[in-house]
Amino acid sequence: MTAPVPAPGDLYVAGCGIWLPPPVTTEQAVAAGHCDRRLATSTAMLSVAVADKETPAEMAALAAQEAVRRSGVDPARIDLVLHASLYFQGHHLWAPASYVQRVAVGNRCPAMEVRQVSNGGMAALELAHAYLLASPDRTAALITTGDRMRPPGFDRWRSDPGTVYADGGTALVVSRQGGFARLRSLVTVSEPVLEGMHRGGHPFGPPSPEEQRTVDLDAHKRAYVAETGTSFSVARVSAGQEAALTGALRTAGVGLGDISRVVLPHMGWRRLSAAFFNKWDVDPRRTTWEFGRRTGHLGGGDPIAGFDHLITSGRLSPGELCLLVSVGAGFSWSCAVVELLERPSWAAAPAAR
């Protein structure tokens, strides 16, 4: 397939990369007492990536080095570095985006952090797109995510029952001058009335260095729903997801039936069934479920990791479309339609269908 001549408003994926630590199986977690059998069964997760010593920024930089190498983009032509995360990055009053820039790029373009929790990667893509289009002199941007979910502050199995949180880094290089895939649409929807769902009515106040409570998002959600009502919360969440998904399809001029693969957040089976498989009649075999259930939730990195998996494993062919789906507390939802133009040299041969 001949790649199209880049149009002024087009944005392309030039490179992608992930860096994941070794997996810990669910059976190992149950045996060690980190997860109970009932929770393991409801999520249907098989394993989760767990870092031994690597920090979030280090994992993001390793993924970024891979993405930049694959892209063929001269680091000097990268005009923006955006790093997204949802948890502590290793130091207080520190700029992890600058670390990623120093290690993976080495130039002096703007480097900034994006804090939109699990929708951080797609939020960064929104910002990068607008930044590059704002000036004809801007060429490419590097987007990274990185997190390490560790106790005592966060329990990867129990802090948010239904989603198992992983450690790892992801990276995406986007360019206005071409790439192996083209961004056909990107739509983000926000519903700030739901922001209280992830603080559970706790009062605002100065941070206490002595306070080391483990995050309990389930308790926060129960407190919020008790005040606002289940039907209100469910309706708002469903409406936000629907608006982002249908908006991305409409902007791209396609229907869900035209999508070959769907990149979903790495949630557990029960949550994905309710939000996607059943509601949208999406066959799990068309999605990244099998990859996600072996990886765990990478925060804002799920869409990038899932897309990388489709490309490197040969599960997406030139001319096919994939739909990237993302959601984060706040609440915000982002969906994008991406068209594979050509199979990059570093990707695997087509997988059996």
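## Strands E4 and E6

Strand E4 (residues 78–84) pairs with strand E6 (residues 140–147) in the parallel sense, over six bridges. The model is predicted.

Helix H4 (residues 96–105) lies across E4, E6 and also E5. Its direction runs at about 130° to E4.

## The whole sheet

Strands of a sheet pair through backbone hydrogen bonds, either parallel or antiparallel. Here nine strands form an open sheet, and the pairing is mixed. The order is E5-E4-E6-E7-E1-E8-E11-E10-E9. Strand E5 (111–114) and strand E9 (261–263) are the edges, each pairing on one side only. From one strand to the next, the twist averages 25°.

Helix H10 (residues 302–312) also packs on the sheet. H10 touches E1 (12–19), E6, E7 (168–175), E8 (181–190), E9, E10 (321–328) and E11 (332–340). Its direction makes about 100° with that of E1.

## The annotated C-terminal domain

UniProt lists residues 249–339, in an unreviewed entry, as "domain: Beta-ketoacyl-[acyl-carrier-protein] synthase III C-terminal". In the model, this span is 34% helix and 21% strand. Its end C-alpha atoms lie 12 Å apart.

## The second largest pocket

The second largest pocket has a volume of about 230 Å³. Its lining counts 15 residues. Nearest the centre lie His 34, Val 50, Pro 151, Arg 156 and Trp 157. By type, the lining residues divide into nine nonpolar, five charged and one polar.

Key. Residues are numbered from 1 along each chain as its sequence is written. This is a predicted model: local features need pLDDT of at least 70, side-chain atom pairs count only at pLDDT 80 or more; totals for chains, interfaces and linings use all residues. Side-chain values use heavy atoms; hydrogens and water are left out. Two strands pair if DSSP finds at least two bridges between them. Helices (H or I, at least four residues) and strands (E, at least two) are DSSP runs, numbered from the N terminus. Axes are lines fitted to C-alpha atoms, for helices over the stretch in contact, and angles run from 0 to 180 degrees between N-to-C directions. Contact means heavy atoms within 4.5 Å. UniProt positions are given in the numbering used here, feature names are shortened, and annotations may be inferred rather than shown by experiment. On a 1 Å grid over the protein atoms alone, a cavity is a set of points where a 1.4 Å probe fits but cannot get out, and a pocket is an open set with protein on both sides within 12 Å along at least five of seven lines; lining residues have an atom within 4 Å of a point. Grid points are joined across faces, edges and corners, and a volume is the space filled by probe spheres set on the points. Ala, Val, Leu, Ile, Met, Phe, Trp, Tyr, Cys and Pro count as nonpolar, Asp, Glu, Lys and Arg as charged, and the others, Gly among them, as polar.
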